[in-house]
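Welcome! Let's walk through this structure together, one question at a time.

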Amino acid sequence: MLKVGVLGAGHLGKIHLRLLKESHKYDLIGFYDADIINGNKVSAELGYTFFDNINELIAAVDVVDIVTPTLSHYECAKKSIESGKHIFIEKPITHTLQEAESLLELEKTYGVKGQVGHVERFNPAFTSIKNTIEQPMFIESHRLAEFNPRGTDVPVVLDLMIHDIDAILSVVNSEVKQINASGVAVISQSPDIANARIEFKNGCVANLTASRISLKNMRKSRFFQKDAYISVDFLEKKVEVVKMKDAPKEAGDFDMILQNAEGIKKQIYFENPTIATNNAILDELESFSDAINNDTTPVVSLRQGTQALKVALQIISSFNTTSL
């Protein structure tokens with residue numbers, strides 16, 4: 001079991017604490033929070049050991065789980081890596097691209113591992129179908145959320161859309177060619193609604209919409225590729241897969257056959273995968289312990305987290321310039 005400590009005991013930090021305490025792969029040593037009053041309160045109510053000195057907690061563990069506000073991610077990660085500790089860091093990886101790239105150098109220099117908390121990679125709907133998504137040529141994602149003051153200190157792109165950016169980058173094996181985007185601030189000082197069109201060098205196009213002032217929640221992505229349409233509902237944890245193949249010479253009474261203008265006939269059929277129930281946050285944390293113990297690359301590496309941040313910041317910068 002790896003000794004682990006958590007930095008940050010806010011809403012998400014407390015979830016991490018509970019799951020790490022339950023995990024058979026980690027030994028939870030304790031947590032640090034910059035707010036001493038909150039730290040003592042969490043310790044008294046939930047029973048976790050509170051460290052009022054960040055250096056003492058880092059020194060006592062093998063893995064540092066960083067669940068602090070984004071502005072402090074870099075300093076917490078830098079301090080941990082320079083102490084020779086592996087880091088799990090919540091998304092977005094850092095506040096700036098320069099900070100993220102600096103962490104990549106530190107990770108290499110000190111020979112530690114890092115993983116970024118892009119939890120949708122562990123959503124059972126997405127994991128059930130990820131290997132079926134092959135060379136998608138058009139992707140459409142909608143991530144809509146009811147208003148919640150928590151997280152409004154950053155643009156909706158970094159708050160919500162970055163989940164879909166990371167998921168899309170994990171299945172599109174191509175560099176970004178161009179980005180066009182627009183964002184509107186309605187309640188917050190930063191954009192609450194955003195739409196981005198990402199064109200990749202291989203011809204794939206992704207159209208992403210994110211909103212945090214919607215009347216209902218929605219987290220859905222649709223992938224279109226040759227002879228297949230795949231719909232992933234991250235919220236309801238459902239998947240729909242519609243595929244096409246050459247139609248048989250003799251079609252059955254219940255076969256669904258389409259014929260195009262050239263007279264080519266295709267048969268439509270459904271191939272929906274079985275979706276297992278899981279706790280995605282626990283899975284991502286435990287997958288990191290596996291990567292450390294087996295000396296393998298984490299599912300969401302610091303480099304991948306950096307790439308997602310890079311695209312997110314390009315989208316934000318293109319709000320005014322409309323393209324890269």
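Two strands pair if DSSP finds at least two bridges between them, and strands (E, at least two residues) and helices (H or I, at least four) are DSSP runs numbered from the N terminus. This is a predicted model, where local features need pLDDT of at least 70, side-chain atom pairs count only at pLDDT 80 or more, and totals for chains, interfaces and linings use all residues. Residues are numbered from 1 along each chain as its sequence is written, and side-chain values use heavy atoms, leaving out hydrogens and water.

Q: Which residue in strand 11 stands opposite Ile-139?
A: Strand 7 (residues 138-144) and strand 11 (residues 218-225) pair in the antiparallel sense over 7 bridges. Another facing pair is Leu-144 with Met-218 of strand 11. Opposite Ile-139 stands Phe-223.

Q: What is the bridge partner of Phe-223 in strand 12?
A: Strand 11 also pairs with strand 12 (residues 228-233), antiparallel and over 6 bridges. The two form a hairpin with 2 residues between them, and Asp-227 in the turn has a positive phi of about 65°. In strand 12, Phe-223 has as its bridge partner Ile-230.

Q: Is Ile-193 buried, partly exposed or exposed?
A: Ile-193 lies in strand 9. Buried means under 20% relative accessible area, exposed over 50%, and partly exposed in between (1.4 Å probe, protein chains only). At 32% relative accessibility, Ile-193 therefore counts as partly exposed.
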